[in-house]
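Welcome, and please take a moment to look over the sequence and the 3D structure. The briefing below covers the pockets and then a sheet.

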Amino acid sequence: MVMATTAFTAAHTSLASVTLEVADPEAARRFYRAFGVDSYVRLRASEAHSTGFRGFTLGLTVSGPATVDGFVAAAVDAGATVLKPAVKSMWGYGGVVQAPDGTIWKIATSAKKDTGPATREIDEVVLHIGVEDVKATRQFYVGRGLTVAKSFGGKYAEFAPGQSSPVKLALYKRRGLAKDLGVPVDGTGSHRIVLGSTADSFTDPDGFVWEAPASPAPELP
């Protein structure tokens, strides 16, 4: 299938932040610090009901297999569960872990061999949200002002990253995303994730919530 690269008008909305809703923020903060991704996500307390697949994953792209192994080991040492051990594939090398708070992380590289020693550097962080209809949701986001960077028909879409966020947003078929992660597709309740918007608040067709930036506190006279 030929990849389509599309440019739209300047974005009115972009992804400003990713907030994970967790039962124990302090424990989650310790985990993400040890994992090495604490600068990419925010945390806040929530007891919202959630079962099964939450409909999203956060992915780390790194330089080589040894670096993948290092991040997987750091996650496991900090309390994560391995959902898919890191292995070679036709696309490169990668594995999947689940944090103690339930968030699923995929760590991968396109390189099948190391060209240098392992590092703790992250090349890219991508938030993949699983949707029922990629084309319809892509158009929804285009209508909100996001810019499409890559599109593979009805299977995948990726948006140009905003200047204010270190995390890139992408859409994936929900069933395909669950299969890639090695988990059952069924899940109900809260996604346990909130996306920061550079514009207004809204909820997308698959129930992912975007929150507008908080208004600054008024100055005292």
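**Pockets and sheet**

The lining of the second largest pocket is made up of six nonpolar, four polar and three charged residues. Here Ala, Val, Leu, Ile, Met, Phe, Trp, Tyr, Cys and Pro count as nonpolar, Asp, Glu, Lys and Arg as charged, and the others, Gly among them, as polar. The model is predicted, so local features need pLDDT of at least 70 and side-chain atom pairs pLDDT 80 or more, while totals for chains, interfaces and linings use all residues. Residues are numbered from 1 along each chain as its sequence is written, and side-chain values use heavy atoms, without hydrogens and water.

**Second largest pocket**
- Ser17, Arg42, Gly196, Glu211 and Ala212 are the closest to its centre among the 13 lining residues.
- Strands S1 (15-22), S2 (42-45) and S13 (193-197) each supply at least two lining residues; strands are DSSP runs of E, at least two residues, numbered from the N terminus.
- S13 gives the most, with four residues.

**Largest pocket**
- Its lining has 13 nonpolar, 11 polar and 11 charged residues.

**Sheet**
- Eight strands form an open sheet in the order S5-S6-S7-S4-S8-S11-S10-S9, with mixed pairing; two strands pair if DSSP finds at least two bridges between them.
- Strands S5 (81-89) and S9 (148-152) stand at the edges with a single partner strand each, so one side of each has no neighbour in the sheet.
- S5 and strand S6 (residues 92-98) run antiparallel and are joined by six bridges.
- Serine 89 has glycine 92 in S6 as its bridge partner.

Technical notes: 1 Å grid on protein atoms, 1.4 Å probe; cavity = no way out; pocket = protein on both sides within 12 Å on 5 of 7 lines; lining within 4 Å.
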